[in-house]
Amino acid sequence: MRGAAVRFVLRPEVEADAPFRLALFQASRGPGWDRLPLPANMLAQIMAQQFHAQVQGYRAAYPRARLQIVTVDAEPVGRLATDRSPDALHLIDIAVVPERRGRGIGGAILRALMAEAAAAGSAVTLQVARDNLAAQRLYHRLGFAATAADETHLTLRWSAPPPSTLAATT
């Protein structure tokens, strides 16, 4: 699929998406969670609590956020959470199911967000975990630059290049 145009559709999240969103959340926690020396039911309960905490945190921090499900060929394959302001389109969260990662879906979504921001004359901002090296490589490849950092996350920003003088004369 690399090199080919990735076709995806975004649709609003609905309550019926909760099981998919929880499974995606669990799959996106990184290695190690499934190897904790805890009974399976306790691990499932911890994951559910973490998921609900994330949902509530997003609602509190971004009350106007767009929460969307990413589909490819009508199959849910990911989630996108964004917040728009006059000066930036903030990427709150993006996740793709593990079996679809590395196939260009994330890059296609990001390029679409970048095009939207460029058309609005704004930037794209996001935070990425310091240990999420694959995502960092993708963001840097697309032209995002670090603007801040703390112990756990990097803050990145992409700004549309200024219109060229050639484009201004046509």
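Predicted model: local features only at pLDDT ≥ 70, side-chain atom pairs only at ≥ 80, totals over all residues.
1. Of the 10 residues of strand S3, 8 are buried, so the strand is largely enclosed by the rest of the structure.

2. On one side of the pairing scheme is strand S2, residues 66-72, which is antiparallel to S3 and linked with it by 7 bridges. Within this pair, Val70 is set opposite Gly78 of S3. The two strands make a hairpin with 2 residues between them, and Asp73, in the turn, has a positive phi of about 55°.

3. Strand S3 also pairs with strand S4, residues 88-96; the two run antiparallel and are joined by 7 bridges. Here Asp83 faces His90 of S4. S3 and S4 likewise form a hairpin, with 3 residues between them.

4. Two polar contacts of the Arg79 side chain deserve attention. One, of 2.3 Å, is with the side chain of Glu13. Another, of 3.4 Å, is with the side chain of Asp93.

5. Beyond its neighbours within four places in sequence, Arg79 is in contact with several residues, among them Glu13, Arg21, Leu24, Gln54 and Tyr58. The contacts also include Leu67, Gln68 and Val70, together with Asp93, Ile94 and Ala95.

Conventions:
Residues numbered from 1 in each chain as written. Heavy atoms only, no water. Polar contact = N/O pair within 3.5 Å; in protein donor to acceptor, adjacent residues only side chain to side chain. Contact = heavy atoms within 4.5 Å. Buried < 20%, exposed > 50% of the residue type's maximum accessible area, 1.4 Å probe, protein only. Helix = DSSP H or I, 4+ residues; strand = E, 2+ residues; numbered from the N terminus. Pairing = 2+ DSSP bridges.
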